[in-house]
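Colleague: I'd like to go through this one with you and ask how you back up each label. Can we bring it up on the screen?

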Amino acid sequence: MRRNDHSINRAAFYRSKIAYLVFAILWLVFSHAPAFAHKVTIFAWVDGDTIHTQSKFSGGKRVKGALVVVFDSEGNALLEGKTDENGMFSFKIPQKTELKVVLKASMGHMAEWKIPAEEITGSGSENNTLATIEKASNKTPTGSESIKTDEDVLKPATIGLGREEIEEIIDASLDKKLAPIYDMLANTYDQGPGLTEIMGGIGYIIGLVGVALYFSNRRRKE
Amino acid sequence: MHISEGVLSPAVLLGGAAIAAAGVAAGLKDLDQKEIPSMGILSAAFFVASLIHVPVGPASVHLILNGLLGLILGWKAFPAILVGTALQALLFQFGGITTLGVNTLNMALPAVICYYLFGWGLKSGSGRSVFIFTAFASGCCAVLISGIMVGFSLYLTGEAFLPAAQLVVAAHLPIMFIEGGLTAACTLFLRKVRPELLEGVYAPK
């Protein structure tokens, strides 16, 4: 009787120990949530006549001193350089076609990012948007007095500046306004696996164990 | 330890996949029903371990736990690691589908090697200090051999072997010791709770 009690206590003790271990492992995993690791990503964006690239491990740690190679759409290497302390590498746009930026980090890590031609040869599409804005402003009903006077004031100014200068000003201010958004995109791009992926993977493994047990059970019965 | 897609040459990818397939076949031969759950648990542990990031050194490295899998599963570590790496590639984008064979081989073969090198130390007859030493050495060496194999895979694709391997091994030095400690702790725990798991029943008969 006494012995029985003892073994029950032992079983309970180990069960609690196993539960403790499981919790410890889960805590280890989730307490490190922002520091997930192990692949590299590169994110590139256009800023005026330069392209900035940011490279990081999926944990968010920046890739320092890694090789970045820029290819054109035919796969010819145009230029290359190394990332700095912040994982950044910037270069002047070498040609206005589609570009591919490839990050070659050490230990067999590689990532790439494509910059479509529209993003680089942005002036063409901006011409269109400018034209539509002008059209729209012409089309606006000129019923109210205040709008009319505004247009009268604006017109000489726009004529004095000229189309290209306006474009430059718009480009510059857009780049300035969009810079924080690009930064945000670069930082949020690829945050690493979350709870969904982890639980999904563990679910797959449990399912596989179930399937394996099912088949081995059936084979044994036969 | 996960080699990205597009780094290795097709010949290396195919060769790695072929050897990994042979290893998986060896692991699945004479599979006993009783072994399936522990394979699943260890496969899940391997899958999740890759998310535990160790912020030491220049690169970003994570736990692998292949030494532990090798000690407990022997050749059965091959299918367990294949499942783990496949899910890591699909869900985390670690490595990739084309590099699945090479990555499995690079992590599972060291596991089996460590089983043969250190598995004897975990039998019930061995003393506590021998037990801890062999478990620690197994966790350490599995990562070391994996690093060398990653360097070798890169070498076969045209990179210089010594710098590539040195870099991988150097980046994983802190992990080696952490893995050694973890492997020793886990096996000690198993020795208390489920000693029959360590009796080498999972080796090919």
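Colleague: How many bridges join strand β3 (residues 67-72) of chain A to β6(A), and in which sense do they run?

Modeller: Six bridges, and the two strands run antiparallel. Bear in mind that this is a predicted model.

Colleague: What makes β3(A) and β6(A) a pair?

Modeller: Pairing takes at least two bridges between the strands. β3(A) and β6(A) have six, so they qualify as a pair by that cut-off. One contact you can look up is A:V69, whose bridge partner in β6(A) is A:V102.

Colleague: How do you know that β6(A) also pairs with strand β7 (residues 109-115) of chain A?

Modeller: Same test: at least two bridges are needed, and β6(A) and β7(A) share seven, in the antiparallel sense. There, A:K104 stands opposite A:M110 in β7(A).

Colleague: And what joins β3(A) to β4(A)?

Modeller: Five bridges, again antiparallel. A:V69 turns up here too, opposite A:E80 in β4(A).

Colleague: Which sheet do these strands of chain A form, and in what order?

Modeller: An open sheet of four strands, ordered β4-β3-β6-β7 in chain A, with antiparallel pairing.

Colleague: What makes β4 (77-82) and β7 of chain A edge strands?

Modeller: Each of them pairs on one side only. On average, neighbouring strands of this sheet are turned by 20° against each other, direction ignored.

Colleague: Why is strand β6 (residues 99-105) of chain A called largely enclosed?

Modeller: A residue counts as buried with 20 or more other C-beta atoms within 10 Å of its own. In β6(A), five of the seven residues are buried, so the strand is largely enclosed by the rest of the structure. For context, buried residues make up 18% of the 222 residues in chain A.

Colleague: What about the strands of the sheet with β1, β2 and β5 of chain A: what is their order?

Modeller: β1-β2-β5, in an open sheet of three strands with antiparallel pairing.

Colleague: Why do β1 (40-47) and β5 (88-92) of chain A each have one side without a neighbour in the sheet?

Modeller: They stand at the edges and each has a single partner strand, so one side of each is left open in that sense, without a neighbour in the sheet.

Colleague: Over to chain B. Why is B:L51 called buried?

Modeller: The cut-off is 20 or more other C-beta atoms within 10 Å. B:L51 has 27, so it is buried. Its place is in the loop between α2 (35-49) and β1 (53-54) of chain B. The C-alpha atoms of B:L51 and B:H62 are separated by 6.5 Å, with the residues 11 apart along the chain.

Colleague: Where in chain B is confidence lowest, and where is it highest?

Modeller: Lowest in β1(B), at a mean of 73, and highest in helix α5 (residues 100-118) of chain B, at 93. Chain B averages a pLDDT of 85, and 93% of the residues score at least 70.

Colleague: What ipTM and pTM does the predictor give the complex?

Modeller: An ipTM of 0.77 and a pTM of 0.70.

How values were computed
Residues numbered from 1 in each chain as written. Chains lettered and ligands numbered in written order. Predicted model: local features only at pLDDT ≥ 70, side-chain atom pairs only at ≥ 80, totals over all residues. Buried ≥ 20, exposed ≤ 12 C-beta atoms within 10 Å, placed from the backbone. pLDDT = per-residue confidence, 0-100. Axes fitted to C-alpha atoms, helices over the stretch in contact; angles between N-to-C directions.
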